[in-house]
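Please look over the sequence and the model shown below. What do the chains look like, and where do they touch?

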Amino acid sequence: MKIKKNAYFITGGILSALLTILIVVGMFWTPYSTTAMNAKAKMQPPSWSHILGTDNFGRDVFSRVMEGAGTSFVIALLVVLIGCVCGIVIGSLCGYYGGIADMILMHVCDTITAFPAILLALVIISITGGGAYNIVLALGILFIPSFARVVRTQYAGIRDLNYIKSARLMGVSAPRILYAHILPNTLPVLIPAVTIGFNNAVLAEASMSFLGIGIQPPQASLGSMLKDSQNYLNSAPWYALGTGLAVVLLILAFSLLSEGVQQGSRRS
Amino acid sequence: MKLVLKKIISLIITLFIVSLLAFLAFQIIPGDPTTKLLGTNATPEKVAQLRSQLGLDRPVLIRYMDWLVSFVKGEFGTSYTYNRAVSTLLADKLPVTVLLTVLSFLITAAVSVPIGIWAGSTRNKWVDHVFVILDQVLMAIPPFFFGMVSCFVFGIVLRWFMPGSFISLSESFSGCVSYLILPAVCLALPRIAMTVRMLRSSIQEELTQNYVYTARSRGLSRSGIMRRHILKNAMIPVVTFLAVSAAEIMTGTIIIEQVFTIPGTGRLLVSSIGNRDFPVVQAIIVILAAWIVIVNFTADMLNHWMDPRLRQ
Amino acid sequence: MSLLEVNDLRVRFHGTAPDHYAVNGVSFSMEQGDILGLVGESGTGKTVTAMCISGLLPREKAYRSGNILLDQTEIFDCTEAELNRILGSDITVVFQEPMTSFNPVYRIGRQVEEGLYVHEKGLDRAQKKARALEAMRRAGLADAEEVYRKYPHELSGGMLQRAMIAAAIVTNPKLLIADEITTALDVTIQAQIIDLLLDLNRKEGMSILFISHDLRVVRRLCSHVIVMQKGRIVEHGRTDDVFAHPEHSYTRHLIEAIPSRDKRVNEDE
Amino acid sequence: MSRRNIALLLSSAMLACALGTFSGATMVMADEAGSASSGDAALTVGLPQDLDNSLDPYQITAAGTREVLFNVYEGLVKPDTDGNFVDAVASEHEISEDGLTYTFTLRDGVVFHNGEEVTIDDVLYSFETCAATTTSTAVAGALSDIQDITADGDKVVITLPAANSSFLSTVSSVTIVPASYTDQATAPVGTGPFKFDSYSPQDKVVFVRNDDYYGEKPALAKVTCKIYDDANALFTALDSGSLDMAFHLTVDQVNSLSNGYNVLEGEMNLVQALYLNNARAPFDDERVRQALCYAIDTDSLLELTEDGHGAKLGSSVYPSFRKYFDESLVDAYPYDPEKAASLLQEAGAEGLSFTIKVPGNYTPHVDTANVIVEMLSAVGINAVIEKVEWNTWLTEVYQGRDFDATVIGFDAAYLSPDALLQRWVSDDSSNMISYNNADYDAAIEKAQSTTDDEEQVAAYKEAQKILSDTAANVYLQDMADFVVLNPEYTGYEYYPLYAVDFSRIRPAQ
């Protein structure tokens, strides 16, 4: 994979590395406490002491963005993980064995996609209650169909190739065929699906927090911060723009990386 | 034809499952409607009496059948919070959301197809990079953030547009449409980016096909080849994508209506879920799900109609 | 006056080594009514030569020198517009892969009429259809009416190739270039296509430039033959003379390589 | 022109006309909101929440609905801006020396909004129906005490078994409605300066001038109240000029206003507090409640949320009640984290954690909850906020009492301390926090039954002291209420209770 000329890969790589470092650091240390309120420092514009200014409670926006980005990042990662793992299991079984199970499961997947996403999330959350873990569960379930469908088509395609038939003839056990032989071949399709999944997960979490059903205070994610910042767009625009930029960069970094990977593999 | 029949049957089955799931979902959710209606002076006998009056004590499946029959007849029950028939509530909310969805879809199609064709047929490198970057950025911006900022920029800074001054359909159609344009654009932008990118790569792929050489050997000009040969081939995957995005747009209205305070089914759905207003939520879900399933079905049909190879 | 004259044609693709010429000084001429075979293993510059003659070689891809005269018009001097006027009317091409040479989403009839659409705008729909059906019958398609309405994926390779030929002859071109048109077909269909070309030549005096690596086909079809190796002509003459006593070792090597029954016949004689 | 060209042409034409209407329409809209010529002046107002599910005057529970319908509904008498009672549907009223008989003369020529004349039977019907169906137990209690109520000619005579200084305020809360009219819930009919015109949920409610109003006719012909369930959207609409007026804004919002509207400041007339569910452990233990009072620094809370504009409270009455307001209780619990910690230890409730349910659409309450969470975490108490829809708060918290703690503001439905204090009596149906204190019930009982003014004031103050001593709730503030008005209008005046009077607003010449 020629990396030298692949601009997307480079920019995506640098951006994601930078963001990941910021997020990991944010989990242990932030320039200011993310919760301490300070009446005198309310609504201060960006300055050297406060890079992204302060919010309506006098808290440093940059520190909160670091922590919020961490929450959003972890949630999105977990959501994609659940969606991907379950998606692979379901997709591989359906794709490989087919038959009625395949028909039924695919129908269930269609129904899940037919459901308005936020409604399913709301239903799950109203049963399990708000908070980060329940959102991860709710969104995780939502992301299974997309992965399942991608994996199923790949498996259905690869299932009849000769090297798989010969593996079966040699008595290779089914799980080994499924996950040692076929799975690696689905990677070129799976990796972009994972990054797109990550993007959608970050967006989904942000939208749910915007509707007020996502992360509940005092915990803060980029989505909930964006919602709070809407009120001060006029007097403290840096609050909304700073947070919004963080969301965009978080998504952009990984989608550029995925574009780079795709273009790299296509070209080599 | 057999294929179409099979598709219709699976469509109906999915709708059935969705309505059943929607119905069951609300049995699980905590908060019994009777506590809502009776409030604090809910004595056990009153609760029991009301439950039987509402028929809540009958087994779930019978209640589901009951609900389905009345649903098909168009009676969706009465809303708890607004104390009026759900059908009248939806009568003035659904048109707004449908108008917003159609407007956003038209903008998506009207903008992305010409740009996609132009992007596909130019050969210079820089155009490619510009489109890839633009597409990535547009898809990375959360729609409500885009709505928020455009509300601020157009509304408060430039004063071109008055967020919150929604003019209802009954008052003036043009007033309503002009208010819905900015939200529709916010909804459309990420989809325009995706469509342009898809159309561009689809055209570039078709350009490498042998039939293009045949066409050139007939003496067709470059634009003639594009118009008479490449466009239809390149549009096939794009048309299906556009049709599917019509379903996504409808789901997207749920968020956009919150940002632009548009009294559509999206906002009603969010507040009704919060208020555990089951009849309203169930009606909206089934309508939304029906819209998504029907749109996917049309996408399939369009695909078959446009590509003769699929027509066995 | 000869129909086609190629003088000292040289072609070098961008990005290849400066001294490596795909076509290195090719000159020949062709008379009206001839069937000229262009033979050689793949990669010897046959197709590149044909593409230069038909003007299909993209200008930005290669350096070209020398000149090509088709019925007194200098191909290299033509502008894009002038070229488009010649292409499809005076000169037409039939390609190797019939399955992919047709646009999958349009019916055969519309694609056979393409030449008329471009060059004879005056005709109305009915006239175009009639000309197309007539061309398809000339190409040996018995049930032309039915094939007219079909889509490419609904026809066999052989029928598609006949339709391709119909599309090429509908504008009664001066020169028909057939670039490896039999290679993708099985033997029985090949013979039918060869007979079709012979008929067209005999009945309508169609001049054909036939490019192939299959000597057996060339022997049966072509009146004259040119053998090319590494971009140069190594042999040029009447087909029978060249096959009877080939001068150049490369030609002899090619003839011996024919694995067919009739070669053994030669030995028995 | 092949089909392909037509399609391309069509799509670019669509785009052109879409953009055309976009630019053309904004001209139209620019002047629609602010038309202020007299006579047919129209005002556009923003409401921070949707109306109640029933608009029947006796069923309304939400202060937000009551404050708007103040323009539609009237009693025999109604409060004025300085808290006295002026004649409304009654042309005059007199009270006997012993305070037992009240005589109201029906004003002649008063017409309901549906055109019917107001008759004595309507008045009697109204008193009867209100006594039977009102959701406010204080009003129901006062009305049930009436010995008898008789009509003679155009007068209504009401006799009481014992004097009740706040009976006049109860009368003002009995809206006079037509006896024959049945669907008040969806299309209210009253006698007020404005008539109800139309209501579409989540969108708007429209009032029009009542041209045959007996009193001074309002200058505004039409008032359109646009409904927002999201404070941010309301503020953006106001700031962009599509609204002429909005009320109950926070100081942060007012500071970030950029459209040059006038800002009027008054009190919200709300008792904002961290209300604790006294029936649910550990808040059933007085010491835990007191610990919370010590743990919350009200002064810095005011500084953070109101830039110092709000008024501190010590109990369930706010300053506008002047003589009844007990100033001394304001600093009953100075900020003392150590004492809070020791009290918690004493009560065995270290590491206490609970949820604060707060209505998401009221930014002032959400902000206060955020500050409280932060202050409590400094003392090791872990509080989490759960934002809920307004209707969900009403049913789950207010009616269902299913909560640990909540931040809300209680208003006075009518001008009497009862409206604020009666609700904490043990058996009162709207006793949200299930407060149960015999001394408190006795003090309220005494206050309601004495005729002597000083005695009554002392009893009400004693009741407030009990609430403060037992730390029933963590009393915070009566927030500053900012009303923002388009400079093309003037004349808005504050009332000492939760009411927005449109009838005084007129175009500014």
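This report describes the chains in turn, then the contacts between them.

The model is predicted. The values given here are computed from it.

## Chain A

Chain A contains nine helices and zero strands. Read from the N terminus, its elements follow the order α-α-α-α-α-α-α-α-α. Along its principal axes, the C-alpha trace of chain A spans about 75 × 50 × 30 Å.

Chain A has 268 residues, and 54% of them are buried. Among the contacts in chain A between residues at least 6 apart in sequence, 70% join residues at least 24 apart.

## Chain B

Chain B has 12 helices and zero strands. Its pattern along the sequence is α-α-α-α-α-α-α-α-α-α-α-α. The C-alpha atoms of chain B fill a box of roughly 85 × 55 × 35 Å along the principal axes.

Of the 312 residues in chain B, 48% count as buried. For contacts in chain B with a separation of 6 or more, 75% are accounted for by residues 24 or more positions apart.

## A helix pair in chain B

One pair of packed helices in chain B is formed by helix H5 (residues 86-121) and helix H11 (residues 265-274). The axes of H5(B) and H11(B) are 8 Å apart, and the angle between the two helices is about 125°. H5(B) and H11(B) are therefore oblique to each other.

Which residues of H5(B) meet H11(B)? On the side of H5(B) they are B:Leu89, B:Leu90, B:Lys93, B:Leu94 and B:Thr97.

Chain C holds an open sheet of four strands, in the order S2-S1-S4-S5, with antiparallel pairing. Strand S2 (23-30) and strand S5 (73-74) of chain C stand at the edges of the sheet. Each of these two edge strands has a single partner strand, so one side of each has no neighbour in the sheet.

Strand S1 (residues 4-13) and strand S4 (residues 62-70) of chain C run antiparallel and are joined by eight bridges. C:Leu4 stands opposite C:Leu70, which is in S4(C). Helix H1 (residues 46-54) of chain C lies across S1, S2 and S4 of chain C. The direction of H1(C) is at about 115° to S1(C).

## Contacts between chains

Four pairs of chains touch, and the pair with the most contacts is chains B and D. Some pairs are not joined. Chain A and chain C have no contact, and their closest C-alpha atoms lie 18 Å apart. No contact joins chain C and chain D either, with their closest C-alpha atoms 13 Å apart.

Between chains A and B, 32 residues of chain A are in contact with 32 residues of chain B. On the side of chain A that touches chain B, the elements giving two or more residues are helix H3 (99-114), helix H4 (117-128), helix H7 (174-210) and helix H9 (237-267) of chain A. H9(A) gives the largest share of that side, nine residues. By type, the residues of the side of chain A that touches chain B are 21 nonpolar, nine polar and two charged.

Key
Residues numbered from 1 in each chain as written. Chains lettered and ligands numbered in written order. Predicted model: local features only at pLDDT ≥ 70, side-chain atom pairs only at ≥ 80, totals over all residues. Buried ≥ 20, exposed ≤ 12 C-beta atoms within 10 Å, placed from the backbone. Contact = placed C-beta atoms within 7 Å. Nonpolar A, V, L, I, M, F, W, Y, C, P; charged D, E, K, R; others polar. Axes fitted to C-alpha atoms, helices over the stretch in contact; angles between N-to-C directions. Parallel < 35°, antiparallel > 145°, perpendicular 65-115°, else oblique. Pairing = 2+ DSSP bridges.
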